[in-house]
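Here are my notes for your first look at this entry. Keep the sequence and the 3D view open as you read.

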Amino acid sequence: MAKVKIVTDSNSGITQAEAEKLGISVLPMPFLIDGEQFFEDVNLAQEEFYAHLKKDAAVSTSQPAIGDVTDLWDNLLQEGDCELVHIPMSSGLSESCHTAEALAKEYGGKVLVVNNQRISISQKQSVYDAIELVKRGKSAAEIKEYLESTKYDSSIYIALDTLKYLKKGGRLTPAAALIGTILKIKPVLQIQGEKLDAFKKVNTLKKAKEVMIAALRSDLTTRFAKYVANGEMTIAVAHTDNYGEAEIFVNELKAAFPEIPVTFADPLSLSVSCHIGPGSLACSAIRIVK
């Protein structure tokens, strides 16, 4: 059987250093900041990115260049008889998945692109699941089938500290942002696969955390109940430049869900942070391979 190698992008939150330890490859996502190109976790660190955001720099995201994708694939495929499982961010949030699918058609079945509607915390778990399935001797096709068949077995909730960056990104009208700021609204957003949507409006972080805990409890006792019973669920916490509050939230979630493992994930990927700004908290209920 051909050796299976895993590829993802930095939207997963997996750093280059972690990728080396895991034995996988991570494509760094490109950013334009005041017209200059940077690459996540290559020449753009989290601290530098937030410094640019706070200075109101013009920040935009794009998908990896076609040549960067194919060069990585070509290099990996030169290392002997192998197949690649490529896990990009959700096709509902970026064209990078569709681009990879089109490119893979030229590789004669050697590259399988997973369209499993994940990003950030949940995308990272997909990569961990793929690594575990490789260890169990699964083929690239079997891994792709599993990841796509379980693509909706996760939920992400994000509490924003400010509406400023949704406004800058064109996801909120200036009038709505102004009213929200005056009323000190802290929206809770959700990602259920394909897109980022509004979930609830609150006016304190305490209330936002209560809303997210209630949402997780609802998911875990309804759509994910059978996975909970089988020990197939985990809860992960992430943040955007808000480490202290994220640590507190981890402990609150452990108390709320003592029967489910709660992990502190890395900071949210910069592609997400670009649209929601610093000070956010996120939590996710995710099905895992058992």
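Which residues in helix 11 are buried?

1. In helix 11, the buried residues are Ala246, Phe249, Val250 and Leu253. Buried means under 20% relative accessible area, exposed is over 50%, and partly exposed lies in between (1.4 Å probe, protein chains only). These four cover an arc of only 110° around the axis, so they sit on the same side of helix 11. The arc is taken from the directions that run from the helix axis to the C-beta atoms. Their cover includes helix 9 (205-221), strand 11 (233-240), strand 12 (262-264) and strand 13 (280-287).

2. A word on the source. This is a predicted model: local features need pLDDT of at least 70, side-chain atom pairs count only at pLDDT 80 or more, and totals for chains, interfaces and linings use all residues. Residues are numbered from 1 along each chain as its sequence is written, and side-chain values use heavy atoms, without hydrogens and water.

3. Helices (H or I, at least four residues) and strands (E, at least two) are DSSP runs, numbered from the N terminus. Helix 11 covers residues 243-256, 14 residues in all. At 1.5 Å a residue it should span 20 Å, and its end C-alpha atoms are 20 Å apart, which agrees. The expected span is 1.5 Å times one less than the number of residues.

4. Helix 2 (residues 46-54) buries Phe49, Tyr50 and Leu53. They cover an arc of only 95° around the axis, so they lie on the same side of helix 2. After helix 2 comes aspartate 56, with a positive phi near 60°.

5. Now look at an open sheet of 3 strands, in the order 4-3-5, with antiparallel pairing. Strand 4 (36-39) and strand 5 (59-61) are at the edges, each with a single partner strand, so one side of each has no neighbour in the sheet. Strand 3 (residues 30-33) pairs with strand 4 over 4 bridges. Two strands pair if DSSP finds at least two bridges between them. Phenylalanine 31 stands opposite phenylalanine 38 in strand 4.

6. Valine 202 belongs to strand 10 (residues 196-202). Its relative accessibility is 9%, so valine 202 counts as buried.

7. pLDDT is the predictor's confidence in each residue, from 0 to 100. The protein averages 89, and 92% of the residues score at least 70. Over residues 170-183, pLDDT stays under 50. Where pLDDT is low, the predicted coordinates should not be read in detail.

Technical notes
Contact = heavy atoms within 4.5 Å.
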